[in-house]
Amino acid sequence: MGAELTTEQQPNLPVTPESLARDAIECADAGASIYHLHVRDEAGRPTMEVERFREALGAISDATDLIVQFTTGGAVGDADDARVAPLELRPEMATLTTGSVNFGDEVFLNPPPLIERLYLRMRSLGILPEYEIFDAAMIGNAIALYDKHGSEHHTHFDFVLGVPGGLGYRPGVLEFLVGLLPTDATWSATGIGRVHVPVAEETLAMGGHVRTGCEDVRYLEPGRLVGSNAELIERVAALARSARRELATPEATRDVLGLPSAGRG
Ligand code: KMH
Ligand code: ZN
């Protein structure tokens with residue numbers, strides 16, 4: 001789950017800048033438009049080291065026109081300063097979890113001063129936050145945050161359903177969550193583990209966008225480890241086609257999110 005996944009548990013994780021670039025190309029070819037990025041050290045352990053983010057961002061941006069979205073959640077227990085630091089590289093987007101949540105046997109801590117610090121840093125650097133919603137109260141926290149500081153940016157939410165300790169998936173949950181969003185917001189959803197397919201199907205039917213990848217899904221089916229991020233994107237792309245939903249290019253996604261086009265960046 002998340003950055004907590006090790007290369008022992010999932011040997012197919014891209015780690016080096018070269019493998020991240022290859023992975024990003026495959027993802028783009030399969031229909032992705034945003035690349036949510038965690039980085040790892042040479043031993044495959046999660047890190048928030050700025051240099052690793054710099055190399056990864058350079059490699060992915062040279063190889064594709066995908067929107068690169070940095071994690072600011074990192075791995076459970078990462079220090080606040082470490083979570084803020086990579087933002088200095090000015091990725092187009094970064095995640096912002098607007099509340100604390102139990103996370104397996106641990107706690108993913110996001111106290112209000114850290115949330116505000118991350119938000120203000122993103123805003124001052126022109127980075128678009130993606131509000132990561134692991135539980136319903138986080139929606140109100142996000143709205144209160146940009147109401148306080150000015151919401152001149154587009155608002156985009158991502159529902160993460162099925163983390164042990166967070167909000168789970170069942171029919172009706174997405175409708176409830178979407179009902180709490182401001183009317184001009186866009187949203188995506190991801191189901192952790194075995195709920196990834198029903199979450200994707202319901203999201204597509206409701207007009208939302210879908211996130212998927214090795215961070216969220218370990219097994220393609222019982223006993224069969226996911227071979228690559230692209231394999232999961234291909235699965236979602238097939239679901240999108242049967243739901244008569246078009247795949248957005250990175251440029252179309254920039255347009256939806258109010259990001260400058262890559263050419264004007
Ligand atoms: N690894 C989780 C503690 C994010 O990328 O911002 C946080 C996470 C969310 O994965
Ligand atoms: Zn993440």
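Start your tour at helices α4 and α5, whose crossing is right-handed; a crossing counts as right-handed if the near helix is turned clockwise from the far one by less than a right angle, and left-handed if anticlockwise. What you have open is a predicted model, in which local features need pLDDT of at least 70, side-chain atom pairs count only at pLDDT 80 or more, and totals for chains, interfaces and linings use all residues. Residues are numbered from 1 along each chain as its sequence is written, chains are lettered from A and ligands numbered from 1 in the order in which they are written, and side-chain values use heavy atoms, leaving out hydrogens and water.

**First stop: α4 and α5**

Select residues 112-125 for α4 and 137-149 for α5. Helices here are DSSP runs of H or I with at least four residues, strands are E runs of at least two, and both are numbered from the N terminus. The two helices pack at about 55°, with their axes 11 Å apart. Axes are lines fitted to C-alpha atoms, for helices over the stretch in contact, and angles run from 0 to 180 degrees between N-to-C directions. The pair is therefore oblique, the class left over once angles under 35 degrees are called roughly parallel, over 145 roughly antiparallel and 65 to 115 roughly perpendicular.

Now show side chains: I115, E116, Y119 and L120 of α4 meet L145, Y146, K148 and H149 of α5, contact being heavy atoms within 4.5 Å. By class, this contact has 5 nonpolar, 1 polar and 2 charged residues. Ala, Val, Leu, Ile, Met, Phe, Trp, Tyr, Cys and Pro count as nonpolar, Asp, Glu, Lys and Arg as charged, and the others, including Gly, as polar.

**Next: α7 and α8**

Move on to α7, residues 196-206, whose axis comes within 10 Å of that of α8 and crosses it at roughly 40°. That angle makes α7 oblique to α8, and their crossing is right-handed. On α7, pick H196, V197, A200, E201 and L204; on α8, their partners in the contact are L232, R235, V236, L239 and A240. This contact divides into 7 nonpolar, 1 polar and 2 charged residues.

Most residues other than glycine have a negative phi. R244 has 75% relative accessibility, so it counts as exposed; the cut-offs are over 50% for exposed, under 20% for buried and in between for partly exposed, with a 1.4 Å probe and protein chains only.

Finally, select R90, in the loop between α3 (80-84) and β5 (93-97). R90 has a positive phi of about 55° and is exposed, at a relative accessible area of 52%.
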